[in-house]
Amino acid sequence: MHFVVKFFPEITIKSNPVRKRMSRQLADNLRKLLRALDDRIQVRKDWEKIDVIAPDAVAHLSDRIEEVLSHTPGIANFARVQQFPLGDMDDMYQKTLSVWGDKLKGKTFCVRVKRTGKHDFQSLEVEQYVGGGLNQNTEAAGVKLKNPDITVKLEIRHDKLNVIEQLHQGLGGFPLGTQDPVISLVSGGFDSTVASYLTIKRGIRTHYLFFNLGGRQHELGVKEVAFYLWEKYGASHRVKFITVPFDEVVAEILERIDDSYMGVTLKRMMLRAGSVIAKELDVDALVTGEAIAQVSSQTLKNLSVIDSVTDTLVLRPLITSDKTDIIRTAREIGTEEFAANMPEYCGVISVKPTTRAKMEKVQHEETRFDFTVLDRAIGNRVMQNIDEVMEDLGEDAPAVEEFAEPGNAIVIDIRHPTEEEVNPLELDNTSVETIPFYRLSTAFKSLDKDKQYLLYCARGVMSKLHASHLLDEGYKNVGVYRPEKPQH
């Protein structure tokens, strides 16, 4: 297998030193991600592109490789190609025929050629010669230069001919690690997850900061979506997940602060805490999912008052986005179901929240707030590496039994549907059901209580988390399927 990876256009227009740095970072990121699939996959970089070459022995990983390339920031597009030494016109035709001949039956087509290097022919000549040969010697419906059913794409690069089998769109953006890091304030809803995705896509190493307002299930849900975002779009770089217990802060606000200023005050407390943690991690910016006028605290006036509490830069990638656009993006990146099923905890609800907060008023309200409560919350924060974040289930979590072989149990594949579709779990002599993790809690109630069920996910992290939760709820017929060898 051979894939040709093209850089995002904004990379190619950078100065030479910046372009070299970004392309080198992208190649390094791909090496790390693809090495996790199989260490025989090679990544080779040159000035114009990156080649990903996998031996025939790992042909079964084709879909997994495409998945990695589709979700790695910095890639404009990538093509699966068959590469040949460059020959004469007839040789180019014969090589193209070997790849495309059977696929043109009953289809209109055209040939398009891109050429790099010095040759004694023009691209148009190759298009005409190869197109004519395919038209005469296949069962194609004919050549059609505008809107054909199939466009046969060839790339001639110096002494090589690439016959493109499939072309895929990449994620775009900049390679992760080429920009300074940020901390994203996440709640698990539509907005904060999409905002985090956008910073990752821009090449920004994105840490996650969650303010726990008192709900354990909410915390677990936010950990899941943060882990999902990291694993799918940012796994080339380790980041932190920080949890700050904010229930006492909420209680202090409810008791001390005027009703109309509760929301604004809570946001100011969050930025204060976020700024302390950002300084500790040597991070210069915080990220939020706020958009203008989406809720009362997000008017320009209120945002100005909220931001004045800190000198740390606050980035808002969604500031002018419509909610429908945000939800559409969440659907595209796979976080819509997370947000729709996220346990909610509303700790501060003002009856008549102000939309035009006054600095003097909010400062007066905060004189009644006991800031030792905020200091204690910051001091009690828990900081974990993102790849370990769901392994800490708490000391009171029930022990989960793991099985390398399913035996007579029914295996439940709890992975996200997009992951399950790319790499379905198939087991001999074992029944496999698919229930996404975000529906598991509800769906498990209707399953046969006399049967044993083993949960499965790729890393064994989310399956263990949800099995523990089900055991905690009183179910005894659940464990984890953890095969000794990864499932391909």
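Analyst: In helix α11, which covers residues 323–333, the residues Ile326, Ala330 and Ile333 are buried, where buried means under 20% relative accessible area, exposed means over 50% and partly exposed lies in between, with a 1.4 Å probe and protein chains only. These buried residues fall within an arc of 75 degrees when α11 is viewed down its axis, so they line one face of the helix; the arc is that of the directions from the helix axis to the C-beta atoms. An α-helix has 3.6 residues a turn, so residues three or four places apart point the same way. Thr324 and Glu332, on the other side of α11, are exposed.

The model is a predicted one, in which local features need pLDDT of at least 70 and side-chain atom pairs count only at pLDDT 80 or more, while totals for chains, interfaces and linings use all residues. Residues are numbered from 1 along each chain as its sequence is written, and side-chain values use heavy atoms, with hydrogens and water left out. Helices (H or I, at least four residues) and strands (E, at least two) are DSSP runs, numbered from the N terminus.

Glycine 334 follows α11 and has a positive phi, near 90 degrees.

Between α12 and α13 (359–366) there is a loop that holds threonine 354, and this threonine 354 counts as buried because its relative accessibility is 15%. With neighbours within four places in sequence left aside, threonine 354 is in contact with Ser260, Tyr261, Val264, Ser296 and Asn302.

Another buried residue is alanine 273, which belongs to helix α9 (residues 262–280) and counts as buried at 0% relative accessibility. Its contacts, again leaving aside neighbours within four places in sequence, are Phe211, Phe246, Leu374 and Ile378. From the C-alpha atom of alanine 273 to that of tyrosine 453, which is 180 residues away along the chain, the separation is 42 Å.

Rings of Phe, Tyr and Trp (its six-membered ring) pair if their centres lie within 6.5 Å, and planes under 30 degrees apart count as stacked, over 60 as edge-to-face and the rest as tilted. Phenylalanine 444 counts as buried at 2% relative accessibility, and tyrosine 453 counts as buried at 2% as well. Ring pairs link Phe444, Tyr453 and Tyr475 into a cluster.

In strand pairing, the bridge partner of tyrosine 453 is valine 478 in β19. Strands β18 (residues 453–456) and β19 (residues 478–481) pair in the parallel sense over 3 bridges; two strands pair if DSSP finds at least two bridges between them. Helix α17 (residues 461–472) packs on the sheet and touches β15, β18 and β19, and its direction makes about 170 degrees with that of β19. For such angles, axes are lines fitted to C-alpha atoms, for helices over the stretch in contact, and the values run from 0 to 180 degrees between N-to-C directions. The sheet itself is open, with 5 strands in the order β15-β19-β18-β16-β17 and parallel pairing. Its edges are β15 (402–403) and β17 (432–434), each with a single partner strand, so one side of each is left without a neighbour in the sheet.

Another open sheet has 8 strands in the order β2-β3-β1-β4-β8-β7-β5-β6, and its pairing is mixed. Here the edge strands are β2 (42–45) and β6 (142–143), each pairing on one side only. Strands β4 (residues 75–85) and β8 (residues 160–172) run antiparallel and are joined by 10 bridges, with phenylalanine 78 opposite histidine 168 and isoleucine 75 opposite glycine 172. β7 and β8 also pair in the antiparallel sense, over 4 bridges, and form a hairpin with 2 residues between them, where histidine 158 in the turn has a positive phi of about 60 degrees.

Methods
Contact means heavy atoms within 4.5 Å.
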